[in-house]
Amino acid sequence: MAPILYADNLSPPARAVMLLCKELNLKVEIREVDFCRGGHMQEQFIKMNPQHTLPTLEDNGKYLWDSHAINTYIMSKYGKEEQQRRLYPRNVYQRAVIDQRLHFDNGVLFPAFRDVASALVGKNQPITEASIERAHTALGFLEQFLDGQKYSCGDEMSIADLSFSVSILALKIWLPIEEKKYPNITAWFRRMQSLPYFSEVNEEGHEKLRKLVQGKMAELSKK
Ligand SMILES: N[C@@H](CCC(=O)N[C@@H](CS)C(=O)NCC(=O)O)C(=O)O
């Protein structure tokens with residue numbers, strides 16, 4: 001039976017997993033959980049994932065959440081030899097560097113977007129200078145990771161780039177990422193956007209997220 005991905009395409013981390021499934025050509029059943037209607041807070045869902053986050057994976061009756069953990073699991077379990085070599089190599093140091101980047105996305109880069117978006121949408125809190133500064137600090141690190149190489153862990157795209165790509169796409173909703181200031185991020189992001197499945201995976205969900213966040217920004221700016 002194909003693994004089941006509980007997701008809403010509005011969620012950037014859910015799309016990071018969808019990107020990987022496309023890259024691997026892995027068939028997963030996507031079960032829609034409507035985030036805006038609180039689908040993730042339903043009893044049934046909390047039984048699977050007490051942390052109630054999207055995405056959540058079900059594989060052979062076992063549950064796993066956090067997009068970064070899901071993607072490393074998918075690589076180890078379903079990645080073919082050649083795919084593992086490229087996207088999540090077994091070499092201990094190379095793998096540790098990719099893991100570090102995944103932790104950075106999870107702990108620093110994605111929260112720089114998410115905390116602002118949830119404060120805006122959930123609590124009507126406008127974007128603060130401190131949030132902007134925090135986001136620029138995170139971007140500055142990513143800019144340095146990309147220095148002198150095509151991707152965040154070398155010249156080969158890894159699963160860390162998939163996570164970063166959806167975080168950057170999301171961040172751009174409320175923060176201009178200027179080429180002059182971030183030439184490495186700009187060139188790398190163009191590379192990520194040229195993946196044959198990038199638009200297909202992101203288009204609809206990103207548009208929903210963009211409308212939600214920018215709609216709220218417009219509403220608050222009138223007050
Ligand atoms: N680190 C997590 C973040 C997941 C996350 O924050 N997902 C949001 C949607 S974008 C969510 O489900 N939030 C609901 C909640 O935290 O209750 C991951 O990478 O999967």
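Nine residue pairs are in polar contact between domain 1 and domain 2, counting pairs with both residues at pLDDT 80 or more. The side of domain 1 that touches domain 2 draws at least two residues from each of α1 (12–24) and α3 (67–78). α1 gives the most, with nine residues. By residue class, this side of domain 1 divides into nine nonpolar, six polar and six charged residues.

The model is predicted. Its chain is assigned two domains, domain 1 (4–84) and domain 2 (90–222). Their centres, taken over C-alpha atoms, lie 19 Å apart. Domain 1 brings 21 residues to the contact, and domain 2 brings 27 residues.

How much area is buried between domain 1 and domain 2? The value is about 2000 Å², and carbon and sulfur atoms give 64% of that area. On the domain 1 side, Arg15, Leu19 and His68 stand out: they supply 32% of the area that domain 1 buries against domain 2, more than any other three residues.

Charged pairs also cross the boundary. Two salt bridges are found across the interface of domain 1 and domain 2. Separately, the side chains of Asp8 and Lys208 form a salt bridge, with an N to O distance of 3.4 Å.

| Item | Value |
|---|---|
| Contact residues, domain 1 | 21 residues |
| Contact residues, domain 2 | 27 residues |
| Buried area, domain 1 and domain 2 | about 2000 Å² |
| Salt bridges, domain 1 and domain 2 | two salt bridges |
| Polar contacts, domain 1 and domain 2 | nine residue pairs |

Conventions. Residues numbered from 1 in each chain as written. Predicted model: local features only at pLDDT ≥ 70, side-chain atom pairs only at ≥ 80, totals over all residues. Heavy atoms only, no water. Domains from an automatic or database assignment. Contact = heavy atoms within 4.5 Å. Buried area = accessible area lost by both parts, 1.4 Å probe. Salt bridge = Lys/Arg side-chain N within 4 Å of Asp/Glu carboxyl O. Polar contact = N/O pair within 3.5 Å; in protein donor to acceptor, adjacent residues only side chain to side chain. Helix = DSSP H or I, 4+ residues; strand = E, 2+ residues; numbered from the N terminus. Nonpolar A, V, L, I, M, F, W, Y, C, P; charged D, E, K, R; others polar.
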